Amino acid sequence: MKAWWQHRTLRFRLALWYSFGGTLLLAVFSATIYGFVAQRMAKPLNHALRQDLEKIQTKLLVLPDRRITWQGREVPAGTAWDAREPWFELWDEQGQLVRRCWPFNEDHLDRLPASPVRGSDTLSVFRIAPDIPLRVHSTPYRIPYPNGDWMIRVMRIHEPAADALSALLAIIVVSLPLTVALLVAGGYLITRHWLRPLELMVRQAEGITVDNLSQRLPVADEINELGRLATAFNSTLGRLEDSFQTLDRFVADASHELRTPLTTLRSVGEVGLRRSRTVEEYREIIGSMLEEAQRLHQLVERLLELASAEGGTRNVHSEPLRLDEFVTACVNEIGILAEYKNQHIEIVAKACTINTDPVLLRQVLQNLLDNAMKYSPIGATIRVQVESLAGECRVSVSDEGPGIPPDHLARLANRFYRVGDSRVRGPGGFGLGLAITKAYLRVLGGQLECVPSSPRGTCFSIILPELRDT
Ligand code: ADP
């Protein structure tokens, strides 16, 4: 079960613990100071009492018949304080006062000290009247006769030390509750002030829904914990917004792009059923419907691939990779397809190492090589080059295709963007390959460049940071 304070707000709990801790520390500190000062102030007095005791022991004699001979001066009542004449009391083994030597008229005193505890050596303060505090040192006094366990008590006025000490005590007693009150109020106000951004964040976060995911939490100070929390929350919101946008785009793209092939598919079927046909004709109709279905399948796969690349849902597993060897291996595998068009792929690869995800990088290379083969004529040569320059590794794929007019370059990696006639089916695909390539490269921390190739064709390059030995 939770304690009562655990049901309170964080602000209240912080203020409570802050005040409690502060009060405890203050109390311990005050007690230590008081004890220390009291002890330091009493030190000279205790020393003087010890000297008094020594003096008394040289001048005091108890005879076998218990008579007391005091060779010091008597201190008559009302005499002024004289440091040379010690005040003392002598108590016998029965706890009876046998001798008292001090300047006070006992009738005028409020109370007299009780008999000392036998055998104990103690130091204490005793008030015989409200304005007369005495510092008292009681100690055993052994007399050389049977049952000689007497007690002697020396005294001195405690006034100066007592005054300062009681002033100190008064200060502590008054200031402690005041300080505690200040601590409680200050703690509450400060935590309220500090936690105000949190309240704003909560209010703002409560208002964020799917419809206004672009809203962000206020970040008052990026350095403190609340600011960092808001920043982290904002970046989560950003990713969420991206995912929603990707989903929206996927739905919009899919419904836009799927409409035409689906209509074609349905029309071909409807036309085919309008009248009875020969087996050969049906075969042809079903063949073209299957072709369309296959195209639909490819389109959906490309769309899903793009959505996962853009949404960053694919896991990236980076590892150090010799780019020249990797590209050579990819070209050897993918290059088999070039043989269908009697094309030839030339590769010049200089040693270069990067840290990357080989699966994603292979996809990128495959897209560029596919395009180069797709848009280059039969018998063309495709040139692949791997080089390292100023901390970057560059893989360039140059083809001998029709080239891309400069005014198309900026939009080339847009989704469904197709240059000129490639919109019409033929070598061209869905216009998604470069969009996917760019999305993968963003995940890999690379860039895509496209420039005209000399004497004709296009040169696509991917640029990735080189991994240097440290
Ligand atoms: P697609 O699947 O249509 O090839 P891409 O995104 O890969 O889609 O390419 C977008 C468009 O850019 C293509 O439709 C084509 O017009 C043009 N394109 C891409 N690569 C080349 C190339 N190597 N040579 C000429 N045009 C290209």
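In the hairpin of β3 and β4, five residues lie between the strands, and Gly95 takes a positive phi near 80°. Helices and strands here are DSSP runs, numbered from the N terminus: helices are H or I runs of at least four residues, and strands are E runs of at least two. The model is predicted, so local features need pLDDT of at least 70 and side-chain atom pairs count only at pLDDT 80 or more, while totals for chains, interfaces and linings use all residues. Residues are numbered from 1 along each chain as its sequence is written, and side-chain values use heavy atoms, leaving out hydrogens and water.

**Around β3**

β3 and β4 pair in the antiparallel sense over four bridges; two strands count as paired if DSSP finds at least two bridges between them. In β4, Leu97 is the bridge partner of Trp91. β3 also runs antiparallel to β7, joined by five bridges, and here Glu89 has Arg153 of β7 as its bridge partner. Arg153 is also the bridge partner of Ser138, and nine bridges join β6 (residues 132–142) to β7 (residues 149–157), again antiparallel.

How much of β3 is buried? Five of its five residues are, where buried means under 20% relative accessible area, exposed over 50%, and partly exposed in between (1.4 Å probe, protein chains only). Trp87, Glu89 and Trp91 are on one side of β3, with Phe88 and Leu90 on the other.

These strands belong to an open sheet of five, in the order β4-β3-β7-β6-β5, with antiparallel pairing. β4 (97–101) and β5 (122–129) are the edge strands, each pairing on one side only. Helix α1 (residues 10–59) lies across β3 (87–91), β5, β6 and β7, running at about 130° to β7. Such angles run from 0 to 180 degrees between N-to-C directions, with axes fitted to C-alpha atoms, for helices over the stretch in contact.

**The other sheet**

A further five strands form an open sheet in the order β9-β11-β12-β14-β13, with mixed pairing. β9 (344–349) and β13 (447–452) each have a single partner strand, so one side of each is left without a neighbour in the sheet. The twist averages 15° from one strand to the next. β11 and β12 run antiparallel and are joined by seven bridges; Ser388 has Cys393 of β12 as its bridge partner. α6 lies across β11, β12, β13 and β14, at about 170° to β14.

| Strand pair | Bridges |
|---|---|
| β3 and β4 | four bridges |
| β3 and β7 | five bridges |
| β6 and β7 | nine bridges |
| β11 and β12 | seven bridges |

The protein is divided into domain 1 (2–168), domain 2 (225–310) and domain 3 (319–465), with bounds from an automatic or database domain assignment. The centres of domain 2 and domain 3, taken over C-alpha atoms, are separated by 25 Å. Between these two domains, 14 residues of domain 2 are in contact with 15 of domain 3, contact meaning heavy atoms within 4.5 Å.

The largest nonpolar core has 51 residues, and Leu323, Val327, Leu361, Val384, Val395, Leu432 and Ile462 touch the most other members. A nonpolar core is a set of buried Ala, Val, Leu, Ile, Met, Phe, Trp, Tyr and Cys residues joined through side-chain atoms within 4.5 Å. The largest share of this core, eight residues, comes from α6. Domain 2 and domain 3 both give residues to this core, so it lies between them. Apart from it lies another core, of 26 residues, including Trp102 and Leu109.

Ile462 is found in strand β14 and is buried, with a relative accessible area of 1%. Leaving aside neighbours within four places in sequence, the contacts of Ile462 include Leu361, Val395 and Leu441.

**Helix α8**

Nine of the 12 residues of α8 are buried, so this helix is largely enclosed by the rest of the structure. Among the buried ones are Leu434, Ile436 and Leu441. They pack against α4, β10 (353–356), α6, β13 and β14. After α8 comes Gly445, whose phi is positive, near 75°.
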